[in-house]
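Let's take a friendly walk through a protein model, from the whole chain down to single residues. Keep the structure open beside you as you read.

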Amino acid sequence: MNVIPANRICLMFDGEAQEAARFYAETFPDSWVGAVQRAPSDNPSGSEGDVLVVEFTVLGIPCIGVNGGAYFRHGEAFSFQIATTDQKETDRYWNAIVGNGGAESQCGWCTDKWGVCWQITPRTLTEAMANGGAEAKRAFDAMLTMKKIDVAAIDAARRGDRSPS
């Protein structure tokens, strides 16, 4: 019997829930695709037998994707925030999302080809913000100039250096 989590994220897609879930499972560790449910009858967003609901997990967070049609759109009011340890990991996730039909935004945000928003956030930036004061201001001001976060530039800003080393 399938155990249903008490809380999970529900994302709406326009017929591409299974494709998106597979991409997330291939991109992020501790991620996988679970059960796929098909529509038991024709409905406003599809036909009987079409994939309707896909259960998946992203970095240990249980989710479901519902093929609800084109009416529902994603936006930056909801995003997955992915904490990265270094530039290599930041680049890997950023490039996977943006390079697979996604789009860059500002300050570490990007959108995948299905419209789901992601924050690819190096831990050094989060740590600087948590420390507060002048360090947080310098790191924040540096971040405001970036699309993908440059870890060396954030580290330099944390130290008060004018250029990354």
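## A guided tour of the model

T57 touches D30, S31, W32 and P62, leaving out residues up to four places away in sequence; a contact here means heavy atoms within 4.5 Å. T57 is found in strand β3, residues 51-58, and with 9% relative accessibility it counts as buried. Buried means under 20% relative accessible area, exposed means over 50%, and partly exposed is in between (1.4 Å probe, protein chains only).

Before going on, please note that this is a predicted model, in which local features need pLDDT of at least 70, side-chain atom pairs count only at pLDDT 80 or more, and totals for chains, interfaces and linings use all residues. Residues are numbered from 1 along each chain as its sequence is written, and side-chain values use heavy atoms, with hydrogens and water left out.

**The whole chain**

The protein chain has 5 helices and 8 strands. Both come from DSSP runs, numbered from the N terminus: helices are H or I with at least four residues, and strands are E with at least two. Along the sequence they follow the pattern β-α-β-β-β-β-α-β-β-β-α-α-α. The C-alpha atoms fill a box of roughly 60 × 30 × 25 Å, taken along the principal axes. Of the 165 residues, 39% count as buried. Among contacts with a separation of 6 or more, 56% are between residues 24 or more positions apart.

**Back to strand β3**

V58 also lies in strand β3. Is V58 buried or exposed? At 0% relative accessibility, V58 counts as buried. Leaving aside neighbours within four places in sequence, V58 is in contact with Y24, F28, D30, S31, C63, F80 and W118. D30 and S31 are also among the residues that T57 touches.

Next comes L59, in the loop between β3 and β4 (61-67). L59 counts as partly exposed, at 32% relative accessibility. Most residues other than glycine have a negative phi. L59 has a positive phi of about 50 degrees although it is not a glycine. C107 has a positive phi too, near 60 degrees, and is also a residue other than glycine. You will find C107 in the loop between β6 and β7.

**Two helices with a buried side**

Helix α2 covers residues 87-98, and its 12 residues reach 16 Å from the first C-alpha to the last, close to the 16 Å expected at 1.5 Å a residue. That expected span is 1.5 Å times one less than the number of residues. Which residues of α2 are buried? They are T90, Y93, W94 and I97. These residues lie on the same side of α2 because they cover an arc of only 95 degrees around the axis; the arc is that of the directions from the helix axis to the C-beta atoms. An α-helix has 3.6 residues a turn, so residues three or four places apart point the same way. Among the elements covering the buried residues of α2 are α1 (17-27), β5 (79-84) and α5 (151-159).

In α3, the buried residues are T124, L125 and A128. They share the same side of α3, as their arc around the axis is only 100 degrees. They pack against β8, α4 (133-143) and α5. Just after α3, G132 takes a positive phi of about 70 degrees.

M129 belongs to α3 as well (residues 123-131), but M129 is partly exposed, with a relative accessible area of 37%.

**Salt bridges**

The structure holds 7 salt bridges. A salt bridge is a side-chain nitrogen of Lys or Arg within 4 Å of a carboxyl oxygen of Asp or Glu. Here are some of them:

| Pair | N to O distance |
|---|---|
| E135 and R158 | 2.6 Å |
| K137 and D141 | 2.6 Å |
| D161 and R159 | 2.8 Å |

The side chains of E135 and R158 meet in a salt bridge. This pair links distant parts of the chain, with E135 in helix α4 and R158 in helix α5, 23 residues apart. E135 counts as buried at 18% relative accessibility, and R158 counts as buried at 19%.

K137 and D141 are separated by about one helical turn because they are 4 residues apart in helix α4. K137 is exposed at 53% relative accessibility, whereas D141 is partly exposed at 33%.
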